[in-house]
Amino acid sequence: MKKDLLLKMSILSASLVVVSGGAIAANIPAMAKTFADVPLQTVEMLSTIPSLFIIISVLMSNLFARYLGYKRTILIGIAIVLVSGIIPALIGNFWIILVSRALFGFGVGMFNSLLVAIISHFYEGDERAAMIGYQSAFEGLSGMFMTFAVGQLLKQHWQTSFWVYLIALPVFILFLLFVPNVAYDEIGKEKPADGEMKSSAVPKNSEPALSKRDFLGYIVLLVIAVIIYMSIAVKGTTLMTTLGYGDATDGSNILALIGVGAMSAGFLFGKVYRITRTYTLPISFSVMSIGMFLIASSNSVLQTSIAAVVCGFSFRTFLPYLFNKVSTSSAGNAAYRTSLILVGFNIGAAFSPYGIVVLERLFQVTSVRGIFYIEAAILLGLAVFRFVVTLRKPRENAQIAAAE
């Protein structure tokens with residue numbers, strides 16, 4: 001039991017650095033003053049360039065794992081994050097810092113998608129679903145902690161705040177010591193029993209194969225959902241200040257509450273999934289639609305705060321469901337498909353402002369509330385669509401229920 005607990009904590013600890021790239025966004029004003037001769041847009045790239053290189057390395061991570069093995073690839077990625085993360089704390093040259101931020105994103109992308117494959121290798125069924133949920137929760141917990149820590153260290157100097165990335169050191173040590181070596185061709189195969197880890201071995205996939213068409217459909221849904229989800233960060237503060245019931249500080253608190261909802265969803269995903277099963281996706285979209293409607297109709301910080309928690313919870317229920325669905329029904333290409341999911345997520349996040357503009361023009365939005373009403377309607381439509389699709393697959397549902 002102790003050995004299995006150490007394995008779980010070591011795998012989950014790697015998720016602590018997955019979403020830490022944006023934690024230094026608060027540094028941008030101070031860094032802009034230091035590097036006054038560098039265009040502001042270039043300085044702002046320090047908080048966005050990791051996402052670009054995450055996309056690049058995520059697409060290559062499966063290739064790295066094929067030749068290096070999963071454990072070695074993940075360890076190299078964490079090591080890159082550690083070294084590149086603290087370089088800005090040691091060096092004051094802007095262009096070296098910019099390169100280090102790009103390397104940071106590359107390091108994260110090397111192991112991000114592989115964590116789901118590792119979880120799928122060691123765990124099955126409800127335990128696997130719970131672990132994927134915990135992974136999402138650890139990401140949310142890390143995002144809140146790192147952002148808070150950066151804010152406190154920033155009071156001394158912007159360079160000091162980059163020491164937060166030392167968190168990657170204990171993560172590296174834990175993964176090195178307590179996660180067994182996993183060769184590329186071992187993923188998806190039954191692992192020989194090993195003492196107390198016998199019950200954690202993966203015997204076989206528990207769901208019917210996911211077709212390319214269905215998988216592509218999930219990617220499209222993900223990109224749409226991410227664009228809508230990110231609109232809270234893009235438009236939420238503007239909505240509150242324009243309508244006069246909140247200020248910039250309230251807007252910042254709303255973002256923190258989204259994190260609370262997301263973290264809670266991660267910890268509870270295993271229990272939620274045991275109840276909702278194949279209806280998890282339409283239920284998540286329905287609840288998120290309610291959250292968006294509450295934001296659109298809100299005239300108080302309290303209502304918007306509740307809506308933010310609801311949206312964070314529902315979105316972070318949908319995302320682990322998608323990872324779990326792919327890991328249990330994609331056989332040998334689960335790692336590759338997980339990589340594509342992460343690419344879709346980052347594309348949706350990176351281009352969300354443009355996606356919102358497209359929606360505003362397409363539906364001729366004329367009020368600050370309008371975009372949230374439109375998004376609520378879109379989510380409701382997606383929920384109905386997915387509910388109908390789920391009902392039309394009774395044979396698949398019966399197979400899943402029999403396997404469970």
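## Salt bridge between K8 and D4

In this predicted model, K8 forms a salt bridge with D4, the closest N and O atoms being 3.9 Å apart. A salt bridge here is a side-chain nitrogen of Lys or Arg within 4 Å of a carboxyl oxygen of Asp or Glu. Both residues lie in helix α1 (residues 2–13), four residues apart, about one turn of the helix. Helices are DSSP runs (H or I, at least four residues), numbered from the N terminus. K8 is partly exposed, with a relative accessible area of 22%. D4 counts as buried at 8%. Buried means under 20% relative accessible area, exposed over 50%, and partly exposed in between (1.4 Å probe, protein chains only).

K8 has another partner. Its side chain meets that of E127 in a salt bridge (3.0 Å, N to O). E127 lies in helix α6 and K8 in helix α1, so this pair ties together parts that are 119 residues apart in sequence. E127 is partly exposed, at 26% relative accessible area.

## A buried pair

The structure holds five salt bridges. One of them joins the side chains of R316 and E139 (3.3 Å, N to O). This pair links distant parts of the chain: R316 sits in helix α11 (residues 301–329) and E139 in helix α6, 177 residues apart. R316 is buried, and so is E139. Side chains of opposite charge can pair when their charged atoms come close.

## Two buried serines

S142 is placed in helix α6 (residues 125–153). S142 is buried, with a relative accessible area of 2%. Not counting residues up to four places away in sequence, S142 touches S15, L16 and V17. Contact means heavy atoms within 4.5 Å. S142 and I167 are 25 residues apart in sequence and 9.9 Å apart in space, C-alpha to C-alpha.

S352 lies in helix α13 (residues 352–362). S352 is buried at 1% relative accessibility. Leaving aside neighbours within four places in sequence, S352 is in contact with I227, M230 and V234.

## Nonpolar core and surface

The largest nonpolar core has 110 residues. Such a core is a set of buried Ala, Val, Leu, Ile, Met, Phe, Trp, Tyr and Cys residues joined through side-chain atoms within 4.5 Å. Y70, F111, Y165, F285, M292 and F315 have the most contacts inside this core. Its largest share, 14 residues, comes from helix α5 (residues 94–122). Beyond four places in sequence, F285 is in contact with L221, A225, F318, L379, L382 and A383.

I173 lies in helix α7 (residues 168–178). I173 is partly exposed, with a relative accessible area of 41%.

## Confidence

The mean pLDDT of the protein chain is 87, and 91% of its residues reach 70 or more. pLDDT is the predictor's confidence in each residue, from 0 to 100. Among the elements, helix α10 (residues 280–296) has the highest mean (97) and helix α15 (residues 394–403) the lowest (54). Over residues 192–206 the pLDDT is below 50; beyond near neighbours in sequence, this stretch has 35 contacts in the model.

Local features need pLDDT of at least 70 and side-chain atom pairs count only at pLDDT 80 or more, while totals for chains, interfaces and linings use all residues. Residues are numbered from 1 along each chain as its sequence is written, and side-chain values use heavy atoms, with hydrogens and water left out.
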